[in-house]
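Hi,

Here is the structure I promised to pass on. Have a look at it first, and then read my notes on the cavities and the backbone below.

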Amino acid sequence: MSRAGSTGDAEPGERSDFVDAKSSQRSDFIDTKSNQRSDFVDGKSSQRSDFIRTLVNRNIAEGTFAGRVQTRFPPEPNGYLHIGHAKSICLNFDLAGEFNGTCNLRLDDTNPETERSDFVAAIENDLAWLGYQSDRGTLYASDYFEPLYHWAEDLIRAGLAYVDDQDAATISATRGSFTEPGTHSPWRNRTVDENLDLFRRMRAGEFADGERVLRARIDMAHENMLMRDPVLYRIRHQTHHRTGDRWCIYPTYDWAHGQSDALEGVTHSICTLEFDAHRPLYDWFLKHLDLPGDRPRQTEFARLNLTHTVLSKRRLSELVSKGHVSGWDDPRMPTLQGLRRRGYPPNAIRQFCRHIGVARVDGTVEVELLESFVRRELNAVALRRMAVLDPLRLVIENYPEGQTEMREAANNPEDPSAGTRQVPFSRVLYIERDDFMLDPPPKFYRLAPGREVRLRSGYFVTCTGVETDIDGRVTEVRCVYDPDTGSGQAPDGRRVRATIHWVSAAHAHRGQALLYQHLFTHPYPGADGTDPMDSLAPDSIRLVETARFEPAMADIAPGQVVQFERLGYFARDPEAPDRFHRTVGLRDEWARVQKRRPGR
């Protein structure tokens, strides 16, 4: 089950219409030390509006919580964060920043069977990478195991909780249905003393896993199924990643959630929409316990769904365990570690999450919109480099043999301050195979027999002939160059209709490129009632082992993203320096998606 505010762990249901939020024009700045984010438009603070911010503003105006705002991000450390979690992170931390409040990372570590310390470290790392810092460091639900236990005893003393000897299957079977009330447990009317004795013996480890549970005594006929005597504690003889073997009974999420919020002083407990039904239980616990401070308030928002993507932790785990991907950080995965390895900038993810906004109804956002934010960010900051993925040898017949000259090329035309670099140019080059055709069709303007093109940051060249193998495949293109076109223009004013990129064969570095497509072929995996895994793409990854790079590529840092001119944006692998992952292509697919919409 999805943890509050973490988004995406529940299985996707019916698809709502896509989100079509309008882009806002502003500059967003995040100070990762103070956590205070300011948005400015023309020097003034921008005011974003949605139902959650309206609620917070109303609470402040009414003096609720003495005008204080405190939020939290509470994932369960049983896996890696994904893009859906990023939406919740941005919402919770941005709210705190906008209202001069605080936000904490609290790990919901109430299930020792699935939680691990490496997941904790990964969550902390992802949060910092995304640009946020918990105001009070990392907090844990396990910090509150002792007070939670004593509050459970308080409920028992008040006649509001009892120890049940029924197993999980029987409890589920006797809960009833939406049209039928549940059946009382035969142990529901145990005395307070008997319940206290059994609960303490549960804690002492006298019983086996599943032998007994502690349940709240509410109403087995309640219209909300979650209010029908929910389980508060279960026995788990498992070693906890923080508390070791000190406990063998563990609180359920519903029991730990509200009380943890109250202990920390949370004012606004923001959860994903599937927790709407949990709110009455959240409030019931707070009402019947003597808790410190003001009672926090739970509010729900729509979680993020993306086309061609699954965000269920169970499904993501299945992708890893069954070998469909190489791991949680596979660049095809929607995990933050996967996106990071693929080269997605954290600022692009933040801007995307703010752009789609906060809704009350679940919807699905096209993944192309996310890619457009990535492309926009990288266009502004990524260095340009030349790389040839499918090399075809090009020989300039009238260029002196053995000569090398350095050509000046811009590092980023969008950023003059990025300067220029020197690129070696020689008689033998590599060009992309698909930049040449022997018999070109109409509207193919690149290199062909008798045709002249511009070499990027080089000269005009004209094809004079080719060499082929026994199968007729072109193995070499012969050209002549015009030495007077080094400026990129011809002195006589003649024009060419195409510019192609290249690398010097004698100076090229060998490497690999990984090209990615959608992991799922269906835009809405599983939406038609089938298993989402049925739409796994058979060709979502392609390894290119013939890549040739210009020498300046050696200076690119691990994880850094560059634009391979005319090919797309590529990130250097942090562990394999000769391997680059395609982050996104150059073409704006989001614009094409918008044009396909009805009424456009």
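How do the residues of the lining of the largest cavity divide into nonpolar, polar and charged? Please keep in mind that this is a predicted model. The lining splits into five nonpolar, two polar and three charged residues.

That cavity holds about 50 Å³ of space. Of the 10 residues that line it, Pro74, Arg106, Asp108, Tyr253 and His257 lie nearest its centre. Helix 7 (residues 253-264) gives the most to this lining, with four residues.

The search of the whole structure found two cavities of 30 Å³ or more.

Now to the backbone. Most residues other than glycine have a negative phi. Phe65 has a positive phi, near 60 degrees, and sits in the loop between helix 1 (51-62) and strand 4 (70-73). Phe65 counts as buried because its relative accessibility is 6%, and the cut-off for buried is under 20%.

Ser457 also has a positive phi near 60 degrees. Its place is in the loop that runs between strand 19 (452-455) and strand 20 (460-468). With 24% relative accessibility, Ser457 counts as partly exposed.

Enjoy exploring it!

Best wishes

How values were computed
Residues are numbered from 1 along each chain as its sequence is written. This is a predicted model: local features need pLDDT of at least 70, side-chain atom pairs count only at pLDDT 80 or more; totals for chains, interfaces and linings use all residues. Side-chain values use heavy atoms; hydrogens and water are left out. On a 1 Å grid over the protein atoms alone, a cavity is a set of points where a 1.4 Å probe fits but cannot get out, and a pocket is an open set with protein on both sides within 12 Å along at least five of seven lines; lining residues have an atom within 4 Å of a point. Grid points are joined across faces, edges and corners, and a volume is the space filled by probe spheres set on the points. Helices (H or I, at least four residues) and strands (E, at least two) are DSSP runs, numbered from the N terminus. Ala, Val, Leu, Ile, Met, Phe, Trp, Tyr, Cys and Pro count as nonpolar, Asp, Glu, Lys and Arg as charged, and the others, Gly among them, as polar. Buried means under 20% relative accessible area, exposed over 50%, partly exposed in between (1.4 Å probe, protein chains only).
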